Amino acid sequence: MANPGKNDDAGNTTASSKQVLSRKSYIGKTNNIEQELKRLQTTEYVKDYKPLIEREIVQVIGADNNANDNELESKNNDKDESDNKDDKISFNMMTFNTLADGLSGAHVQSKTFVHADNACLEYEYRGFRLIEEITRFMPDVITCQEVDRIEFFKHYLSPFGYKYIHTTKPQSACCRIGKGVNLDLPPDGSVVFWNSKVFALVKSYKFSKRDDRNAPKEIRNLACAVAHLRHKQNKNKEIMIAATHLKADYSLKSEKQRLMQLCYLFPSLQKLSKENNNVPLFIGLDFNAMDKSLGSFFPYSYQSLMNGKYLLKRLNKFVNKEDDNIETEEKDDNELNDGEKNIKAYNFGDDEDMAKTVIDILKERGYEYNYGLDLKSAYCYGEYKGKKKGINPSFTCTLGGQHCIDFIFFEPKKDIKITHLLTTPKAQEMYKPDWDYPSDHFSLMATFKL
């Protein structure tokens, strides 16, 4: 039994002097999301209900001619193995930070989402719209962050065949907020869902300070869920899906924390892939760092994953350090990718102490360039009308301004192609969540062929 005022095994904080209100369930009378949405439109929310923001799935430029819209359908519709003549499979993967109920401001007076009506923040409304956002695109695999109402997700996604692996943050802010208002709010965490009609689970893994007692203390509140999946028709095709959420805040202090989290987690994911015949790795995450510099903020963590070799070379130049493993010759601008150009343009001399700290963090943890992985952002890699190749979406999150901090990473060198992407809203003044969208993050989705 948990001691009063302590954390129990699930990471939930119990009150020591006041009676804690029991944990509320938002599950409706049915497990049919269409019926629940119809109820919202015709009953208590009839005046404010709005359709979700329109989005579309588009084919990327240069995609294989055989990659047509039929490939967006899951490969479980009465097809024989013989239908896959080239032994290829296609699957679509979504990543979605769902905005935890405990962080939404629905339970406490909050200045975070002052633009939103309190009613649209309530999970009685917002929870069903989250499920709607997922099921209107029916991805084969979903990585979610900030899921604190896992039973709700399970209730409404299981009728579609989804199964899941879920891990929570050891020190979730949801529990801390709940304690402050005398509510039993569950911890938030990361989840991998997969359509069990399409994929079978080979093995699951969890990475957090709770799940891995050998994990360094510096990773603190990291939680990562991993599912090793096998395609049910082409049983020789396997994938590894990881869902995680890095340290929040656009400060240099948080950048140090994100670097430490990456140094622990990503080599671990690389090791898992290698131990399983180099199974292709796909990662959906809220990075909480942009891919480009913004004012005095430089995304050391993102660039350490994408352009680690060039980043270290530039950092060493500014702190006057030598490293035999780093080339000293500078590339011409036309030889640089967009990330390297961003690194080259940034004056690290303005914050030499941070540059030195980054070098020390990486070297002390045995950093291998790009953490030993060759990952690319799906949206940066794919091009469609209105979005050029080499550029991530203009934004994926509206909290604290419009920034691109959500990503789907994959390994194109393992003969993986992107055929379709889900469009993201164009830059305009908007603040979410609202009646027409249930989170401050927009979902991303890519269709892969391998």
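Colleague: How many aromatic pairs does the structure hold?

Modeller: A word on conventions comes before the count. This is a predicted model, in which local features need pLDDT of at least 70 and side-chain atom pairs count only at pLDDT 80 or more, while totals for chains, interfaces and linings use all residues. Residues are numbered from 1 along each chain as its sequence is written, and side-chain values use heavy atoms, with hydrogens and water left out. On that basis the structure holds 38 aromatic pairs, where rings of Phe, Tyr and Trp (its six-membered ring) pair if their centres lie within 6.5 Å, and planes under 30 degrees apart count as stacked, over 60 as edge-to-face and the rest as tilted.

Colleague: Which geometry do Tyr300 and Phe348 form?

Modeller: A pair of aromatic rings is described by the distance of the centres and the angle of the planes. For Tyr300 and Phe348 the centres are 5.9 Å apart and the planes make 45 degrees, so the pair is tilted. The pair links distant parts of the chain, 48 residues apart, with Tyr300 in helix H7 and Phe348 in the loop between H9 and H10; helices here are DSSP runs of H or I, at least four residues, numbered from the N terminus.

Colleague: Is Tyr300 buried or exposed?

Modeller: Tyr300 is buried, at a relative accessible area of 1%, and Phe348 is buried as well, at 0%, where buried means under 20%, with a 1.4 Å probe and protein chains only. Tyr367 and Tyr371 form an edge-to-face pair, with 4.9 Å centre to centre and 80 degrees between the planes, and both of these tyrosines are buried.

Colleague: Which residues do ring pairs link into a cluster, and where does Arg39 lie?

Modeller: The cluster is made of Tyr26, Tyr123, Phe128, Phe152, Phe153, Tyr156, Tyr164 and Phe193. A charge sits over a ring if NZ of Lys or CZ of Arg is within 6 Å of the ring centre and within 35 degrees of the ring normal. Arg39 lies over the face of Phe128, at 5.3 Å from the ring centre, and Lys389 lies over the face of Tyr381, at 4.8 Å.

Colleague: How many residues of helix H8 are buried, and what do they pack against?

Modeller: Helix H8, spanning residues 308-318, is mostly covered, with eight of its 11 residues buried. Among them are Tyr310, Lys313 and Arg314. The buried residues of H8 pack against helix H7 (300-306), helix H9 (338-345) and helix H10 (352-364), with contact taken as heavy atoms within 4.5 Å.

Terms used:
Buried means under 20% relative accessible area, exposed over 50%, partly exposed in between (1.4 Å probe, protein chains only). Helices (H or I, at least four residues) and strands (E, at least two) are DSSP runs, numbered from the N terminus.
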